[in-house]
Amino acid sequence: MPTSQDMTTDLAPGVLDALQHQVAVFARRAEQTRLGGVGRVHNSMDRAAYLLLNRLDQEGPMGVKALAAGMGIDSSTVTRQVAPLVDTGLVKRTSHPEDGRAVVLQLSPRGKARLEEVRASRRELMALCTEGWSENERDVFCTLLTRFNTALSDIHFTQPQQVPPAS
């Protein structure tokens, strides 16, 4: 099996350098705008909240452990990130339908409305950013970005975490 060093020697370093730079610029721009939309600062939502609300909307009510596993983060992180969403009424804690002792997290009607507001604003931003692109170019970009994100996720979960050597 080739090592990652073997794989990079077959590729042009210039393209890899340009790619890593553009990914870094994208990450900065995404955080700067919070991908919140155009001219609608009030529609911005931090990444963690958006991803949690989106998952609850797509998959329905679930416990903290299931939510954490589906997002690839630990339960304590989900608990910490969900707390303000519960406090603001975007998420509600309810009893598990089959085991009343267990708690599940559920998107509240207010959370659903807020999520849709943010999605609409983000769609507007994506339309503006890709203005002049053909539908095919948007599809190809989305396909490649999805593939890239999947590869990053796979690497994150299959590679042992490296600890930098002590100085």
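Leaving aside neighbours within four places in sequence, Leu53 is in contact with Met45, Leu85, Leu90, Val91, Leu107 and Leu115. Contact here means heavy atoms within 4.5 Å. The model is predicted: local features need a pLDDT of at least 70, side-chain atom pairs count only at pLDDT 80 or more, and totals for chains, interfaces and linings use all residues. Residues are numbered from 1 along each chain as its sequence is written, and side-chain values use heavy atoms, with hydrogens and water left out.

Leu53 belongs to the largest nonpolar core, which has 18 residues. A nonpolar core is a set of buried Ala, Val, Leu, Ile, Met, Phe, Trp, Tyr and Cys residues joined through side-chain atoms within 4.5 Å. Leu53, Leu56, Leu67, Val82, Leu85 and Val91 touch the most other members. At least two core residues come from each of α3 (47-59), α4 (64-71), α5, β2 (103-107) and α6 (109-129). Helix α3 gives the most, with five residues. In soluble globular proteins, nonpolar side chains tend to be buried together.

Along the sequence the pattern reads α-α-α-α-α-β-β-α-α. Among contacts with a separation of 6 or more, 51% join residues 24 or more positions apart.

Of the 167 residues, 22% count as buried. Buried means under 20% relative accessible area, exposed over 50%, and partly exposed in between (1.4 Å probe, protein chains only). The protein exposes about 12000 Å², and carbon and sulfur atoms supply 58% of this area. Areas come from the Shrake-Rupley method with a 1.4 Å probe; for residues, only the protein chains shown count as cover.

A nonpolar patch on the surface is formed by Leu19, Val23, Trp133, Phe141, Leu145, Phe148 and Leu152. Together they have about 560 Å² of accessible area. Helices α2 (13-33) and α7 (135-158) each supply at least two of the patch residues. The largest share, four residues, comes from α7. Leu145 lies in this helix. Leu145 is partly exposed, with a relative accessible area of 30%.

The mean pLDDT (the predictor's confidence in each residue, from 0 to 100) is 84, and 83% of the residues score at least 70.

Conventions
Patch = residues over 30% accessible without salt bridge, like charges linked within 9 Å, V, L, I, M, F, W, Y side chains within 5 Å. Salt bridge = Lys/Arg side-chain N within 4 Å of Asp/Glu carboxyl O.
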